[in-house]
Every structure is written in C-alpha cells, then in structure tokens.
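Hello,

Here is the structure I promised to pass on. Please open it and keep it in view while you read.

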Amino acid sequence: MLKKFVLFIILVLFTSGCDYSPIHSIKTNNTEIKIISMSGDKEINNYLSKELEKKSKASSEKIEIIINTNFSKRILAKDTKSFATDYELQVIGNFELKKDDKSKSIKITEKFRYKNLNDNYEQKNYEKMIKLNLARIIISKLNLRINNFQ
C-alpha cells in the first residue's frame, strides 16, 4: 500500500511539472482572414466561411482566401436488382491563400464510403451529417496550413 502511494505521489509530481499540449492542437490565428470569393457547394462554403470567421482576429497581418469547393456522390456497388448499395461522398476544397506578395494554392480532398439506408429521409440526414463532418476535417487541415503560411 505504501509503495502505491509513493508511486502515485511521484507520478503526480512529474506530470504536474511538465507543460503538456497536443502537437496538432489548433491554435488561434493571430491573423485576419478575409474571404475574397467562394464558389462551389453552397452548404460546405457556408460552414467554411463561418469557421474561418471564428478563427479570424483583427490584426495587421491579413490573409485573403479564395474558396472553391466541389461535392460529389458516387455509386460504388449495386445489388442484383440494380439498386445502389454502397456510396462514396467526396469533398474537394481548392484554396488560394494570399498574403502581401506571397500566394499559395492548397487542395484538400476528403472521402467517405457508406452503405445505403432503406429510408430516404434517414439517408438524406446521414449524408448531410457526413458532409458537415468532411467540412470539419477540411477546416482543421486548412487551419494548420494557414498557421504554417508565412
């Protein structure tokens, strides 16, 4: 019992002394992000613009972004009656970052495969949630790229 207590105390002392932070944590930007234009899928673009506005802060450093997104739904497999059983949703985001005289093009692609649901209402809601999740993944990758853009 005494060994466990001493081990616990040592463990607490060592872990409280270090400053742990995840490597890929998304830090807040110290730059102002301005969206110049958006084209492509309206639903994804609205989500991307809302998230970028949240990350943006008023600053002397300004990054201008041109957003172009593309959403596609593809049938992967059919059953014997030619009904679709497997689908793939794909979101492609093309971003043009501009800061002062520097410019950088970024392309982020995300895919998701799923089985067909029998209920059309549930199918549409499921696809909407997948679309939102793919946009979240894209925005997190874009934030990392924006933070690294010098």
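Below is what I found in it, from overall confidence down to single residues.

Confidence comes first. This is a predicted model. The mean pLDDT of the chain is 86. Of its residues, 90% reach 70 or more. Confidence is lowest in helix H1 (residues 2–17), with a mean of 77. It is highest in strand E4 (residues 102–115), at 94.

Now the sheet. Four strands make an open sheet, in the order E1-E2-E3-E4. The pairing is mixed. Strand E1 (32–39) and E4 stand at the edges. Each has a single partner strand, so one side of each lacks a neighbour in the sheet. On average, neighbouring strands are turned by 25° against each other, direction ignored. E3 and E4 pair in the antiparallel sense, over 14 bridges. Look for Glu88, which stands opposite Arg113 in E4.

Two helices pack on this sheet. H2 touches E1, E2 and E3. Its direction makes about 145° with that of E2. H3 touches E1, E2, E3 and E4. The direction of H3 makes about 150° with that of E4.

Next, the core. The largest nonpolar core has 25 residues. Those with the most contacts inside it include Leu48, Leu52, Phe95 and Ile146. H2, strand E2 (62–78), strand E3 (84–99), E4 and H3 each give two or more residues to this core. Which element gives the most? H3 does, with seven residues. In soluble globular proteins, nonpolar side chains tend to be buried together. Leaving aside neighbours within four places in sequence, Leu52 is in contact with residues including Ile33, Ile65, Leu142 and Ile146.

Is Ser49 buried or exposed? Ser49 has a relative accessible area of 11%, and the cut-off for buried is under 20%, so Ser49 is buried. Ser49 lies in helix H2 (residues 42–55). Its side chain reaches the backbone oxygen of Asn46 at 2.9 Å. Not counting residues up to four places away in sequence, Ser49 touches Ile35 and Met38.

Lys141 is in helix H3 (residues 120–148). Lys141 is partly exposed, with a relative accessible area of 36%. Beyond its neighbours within four places in sequence, Lys141 is in contact with Ile108 and Glu110. A polar contact of 2.5 Å joins the side chains of Lys141 and Glu110. Lys141 and Ile108 are 33 residues apart in sequence, but 7.8 Å apart in space, C-alpha to C-alpha.

Best wishes

Terms used:
Residues numbered from 1 in each chain as written. Predicted model: local features only at pLDDT ≥ 70, side-chain atom pairs only at ≥ 80, totals over all residues. Heavy atoms only, no water. pLDDT = per-residue confidence, 0-100. Buried < 20%, exposed > 50% of the residue type's maximum accessible area, 1.4 Å probe, protein only. Contact = heavy atoms within 4.5 Å. Polar contact = N/O pair within 3.5 Å; in protein donor to acceptor, adjacent residues only side chain to side chain. Core = buried A, V, L, I, M, F, W, Y, C linked by side-chain atoms within 4.5 Å. Pairing = 2+ DSSP bridges. Axes fitted to C-alpha atoms, helices over the stretch in contact; angles between N-to-C directions.
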